[in-house]
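Here is a short report on a single protein chain. Please look over the sequence and the 3D view before reading on.

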Amino acid sequence: MTVATDTKPAGERELVLTRLIDAPREKVYRAFTDPELLKQWFAPLPWTITEAELDVRAGGTNRFVMRSPEGELYPNQGVYLEVVPNEKIVVTDAYTEAWKPSEKPFMTAVMTFEDEGGKTRYTARALHWSVEDREVHEKMGFHEGWGQCADQLATLVAKL
């Protein structure tokens, strides 16, 4: 079970989602770093993740493919900028591998996991390159989609 909380963004290029997840942060962190677990929750249903490759370390790459309900595939690539086990993951799509720049960077995601009495305060911050990118992401359904994924994450980690 997750409890939604309102968090105001720090800037005009930022979107924020916060949830209190009824599971220890080690389980929540594991769901972000284990490709088989990530595939089970990281896309808002009926979307799915068909492939996931994660090299979870600063400078490591991540790659996953989202599949739409119509069967269209959407590959995503990025590089981890900071990884603090069970506490924080920072990943960006500004690079596709090592320090190879992507064609169109969109955002950097900062996910934090804070212990609150055996539960986890999960905060996701999407930092966009421009106000326009933030607006596009918001219109794409950031709050609904990332919120649904957070609920799916909570359901998954409750079973671990």
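This is a predicted model: local features need pLDDT of at least 70, side-chain atom pairs count only at pLDDT 80 or more; totals for chains, interfaces and linings use all residues.

Residues are numbered from 1 along each chain as its sequence is written, and side-chain values use heavy atoms, with hydrogens and water left out.

**The largest pocket**

About 1,200 Å³ of space lies in the largest pocket. A pocket here is an open set of points on a 1 Å grid over the protein atoms alone, where a 1.4 Å probe fits, with protein on both sides within 12 Å along at least five of seven lines. Lining residues have an atom within 4 Å of a point. The volume is the space filled by probe spheres set on the points.

The lining counts 39 residues. Nearest the centre lie Phe64, Met66, Asn76, Met107 and Trp146. E5 (73-84) is among the elements that supply at least two residues, and E5 gives the most, with six residues. Helices (H or I, at least four residues) and strands (E, at least two) are DSSP runs, numbered from the N terminus.

| Class in the lining | Residues |
|---|---|
| Nonpolar (Ala, Val, Leu, Ile, Met, Phe, Trp, Tyr, Cys, Pro) | 24 residues |
| Polar (the others, Gly among them) | 12 residues |

**The annotated span**

In an unreviewed entry, UniProt lists residues 22-157 as "domain: Activator of Hsp90 ATPase homologue 1/2-like C-terminal". Such annotations may be inferred rather than shown by experiment. The span is 31% helix and 41% strand. Its end C-alpha atoms lie 8 Å apart.

**Helix H3**

Which residues of H3 are buried? Asp133, Arg134 and His137 are. Buried means under 20% relative accessible area, exposed over 50% (1.4 Å probe, protein chains only). Seen down the axis of H3, the buried residues fall within an arc of 100 degrees, so they line one face of the helix. The arc is that of the directions from the helix axis to the C-beta atoms. On the other side, Glu132 and Lys139 are exposed. The cover over the buried residues of H3 includes E2, E9, E10 and H4. Just after H3, glycine 141 takes a positive phi of about 105 degrees.

**Leucine 156**

Leucine 156 is found in helix H4. Its relative accessible area is 10%, so leucine 156 is buried. Leucine 156 touches Ala31, Leu37, Gln40 and Trp41, not counting residues up to four places away in sequence. Contact means heavy atoms within 4.5 Å.
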